Amino acid sequence: MDCLKDWPEPVISVETLTGLLTIPERYIKPPSQRPNITTTSSNLNIPTIDLAALRQGLDDHEAMEGIRKACREWGFFILVNHGVEPELMRAMRGVWRRFFYLPLKDKKRYANSPATYEGFGSRLGVEKGAILDWGDYFFLHILPPCMKNHEKWPALPTSCREITEEYSKELIKLCGFLMKVFSRNLGLGEERLQEAFGGEEVGVCLRVNYYPKCPQPDLTLGLSPHSDPGGLTLLHVDDHVEGLQVLKDSEWITVKPAPDSFIVNIADQLQILSNGIYKSVEHRVIVNSSQDRISLAFFYNPKSDIPISPFGELVTPPERPVMYQQMTFDEYRLSIRKRGLKGKSLVEAIKPT
Ligand code: OGA
Ligand code: NI
């Protein structure tokens, strides 16, 4: 694990590059990976799901079916009427924006290492000379309690820790609820999915992404294509600026954010547990020259040392044999951290031979 102790070269915060006229070579993607931001994008958007009808119980067939379809066909949906107070969501986004607007030296106190990634950082992966993404971030652990360390969370702005706590509490509830919906939709008992994640002992972490303005947005990406490694992700993004793109039928669809909504996406461990019935879909982030952008990615993951493999009920050969080998989330995450973000190659790599 020695290679994960430190970064292979000094880390440059992207915010320090925002005033340049041209971006450093390290951020220029090969032509095939550059975003096509000048071509007009299609009007397609990811589906919107209204949770109101299900908040009293999971028996609204139409709403359940809508989620089922979104999970199978998109792996991504916009969630409205989810029960989390809009004021709390705005306060959370506001406090983190204020954090990123603090002087760099105040943020560098929390500079992270590739051993845990916790803290303020600007790169993923430890490959020397890698082409980098145009974004800074703050990563922190919320669950299990033994991993949570307030000392590693920003002390400033003063309300940051408190608001992040409150936000997390609400989102953990919402994720628990979605787990029941997904479990039921997979034809399993309501609690099965949560149990497979370790019941109360799930892992939860947060990555706040900050994408500074970029002088040449057509040459780079805020975040390279990837699928999220964990269970499911609740993303809350700035609603006045676009950035997230989702791969659908080999085309990058730009997500049009809705105010006070969450963007929900299926991540790799749900793909594995569902034996491929649900897919964790590749996504990436584009940047722009006129506005910075904040996003909060809330990751809900299985307990890290539980072996994860497809549910027996969902293994139905010959059409659907076992699609993935058993692996703990710890093992899975370690290999990602060594390699950095590389599309969906990891979940595909653990198919039995
Ligand atoms: C992520 C992610 C998307 C965004 O943090 O995993 O996909 O819009 N973020 O920042
Ligand atoms: Ni992601």
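Ring pairs join Trp96, Phe99, Phe100, Tyr101, Tyr110, Phe120, Phe138 and Tyr210 into a cluster. The model is predicted, and a search of the whole structure finds 17 aromatic pairs in it. Further topics are a nickel ion (ligand 2) coordinated by His226, Asp228 and His283, and a buried arginine, Arg293, that has no salt bridge.

**Aromatic pairs**

- Within the cluster that includes Phe99 and Phe138, the ring centres of these two residues are 5.3 Å apart and the ring planes stand at 85 degrees; planes over 60 degrees apart count as edge-to-face, so this pair is assigned to that class.
- The pair links distant parts of the chain, since Phe99 belongs to helix H2 (residues 86-100) and Phe138 to strand S4 (residues 136-143), 39 residues apart.
- Phe99 has a relative accessible area of 0% and is therefore buried.
- Phe138 likewise counts as buried, at 0% relative accessibility.
- The rings of Tyr167 and Phe262 form a tilted pair, because their planes lie at 55 degrees, with the centres 6.5 Å apart.
- This pair also links distant parts of the chain: Tyr167 is in helix H4 (residues 160-185) and Phe262 is in strand S10 (residues 262-266), 95 residues apart.
- Tyr167 is buried, with a relative accessible area of 0%, and Phe262 is buried with a value of 0%.

**Charges over aromatic rings**

- The charged end of Arg207 is placed over the ring of Tyr137, at 5.9 Å from the ring centre.
- Lys248 lies over the face of Trp74, and the distance to the ring centre is 4.6 Å.

**Nickel site**

- Three residues coordinate the nickel ion (ligand 2) at 2.1 Å: His226 through NE2, Asp228 through OD and His283 through NE2.
- Along the chain, the donors of this ion follow the spacing H-x1-D-x54-H.
- His226 has a relative accessibility of 4% and counts as buried, because the limit for that class is under 20%.
- Asp228 also counts as buried, at 5% relative accessibility.

**Arg293, a buried charge**

- Arg293 is located in strand S12 (residues 293-301).
- Arg293 is buried but has no salt bridge, and the nearest side chain of opposite charge is that of Asp238, 6.0 Å away.
- Apart from its neighbours within four places in sequence, Arg293 is in contact with Arg97, Asn209, Tyr210, Tyr211, Val237, Asp238, Val241, Glu242, Gly243, Leu244 and Val285.
- One of these contacts, Tyr210, is also a member of the aromatic cluster.

**Lys344, a buried loop residue**

- Lys344 occupies the loop between helix H7 (329-339) and helix H8 (345-349).
- With a relative accessible area of 14%, Lys344 is buried.
- Not counting residues up to four places away in sequence, Lys344 touches Ser227, Gln271, Ser280 and Glu282.
- The C-alpha atoms of Lys344 and Pro225 are separated by 8.2 Å, while the two residues are 119 residues apart along the chain.

**Cis peptide bonds**

- Leu143 and Pro144 are joined by a cis peptide bond with omega of about 0 degrees, and Pro144 lies in the loop between S4 and H4.
- A cis peptide bond also joins Pro317 and Pro318, where omega is about 5 degrees.
- Pro318 lies in the loop between strand S13 (307-308) and strand S14 (327-328).

- Tyr117 has a phi near 70 degrees, a positive value in a residue other than glycine.
- Tyr117 is in the loop between helix H3 (104-108) and strand S3 (119-121), and at 4% relative accessibility Tyr117 counts as buried.
- Asp249 is not a glycine, yet its phi is positive, at about 50 degrees.
- The loop that holds Asp249 runs between strand S8 (244-248) and strand S9 (251-254).
- Asp249 is exposed, with a relative accessible area of 66%.

How values were computed: Residues numbered from 1 in each chain as written. Chains lettered and ligands numbered in written order. Predicted model: local features only at pLDDT ≥ 70, side-chain atom pairs only at ≥ 80, totals over all residues. Heavy atoms only, no water. Helix = DSSP H or I, 4+ residues; strand = E, 2+ residues; numbered from the N terminus. Buried < 20%, exposed > 50% of the residue type's maximum accessible area, 1.4 Å probe, protein only. Lys, Arg positive; Asp, Glu negative; His and termini not counted. Salt bridge = Lys/Arg side-chain N within 4 Å of Asp/Glu carboxyl O. Contact = heavy atoms within 4.5 Å. Phe/Tyr/Trp six-rings, centres within 6.5 Å; stacked < 30°, edge-to-face > 60°. Lys NZ or Arg CZ within 6 Å of the ring centre and 35° of its normal. Donors = N, O, S within 2.8 Å, 3.2 Å for Na, K, Ca; no water.
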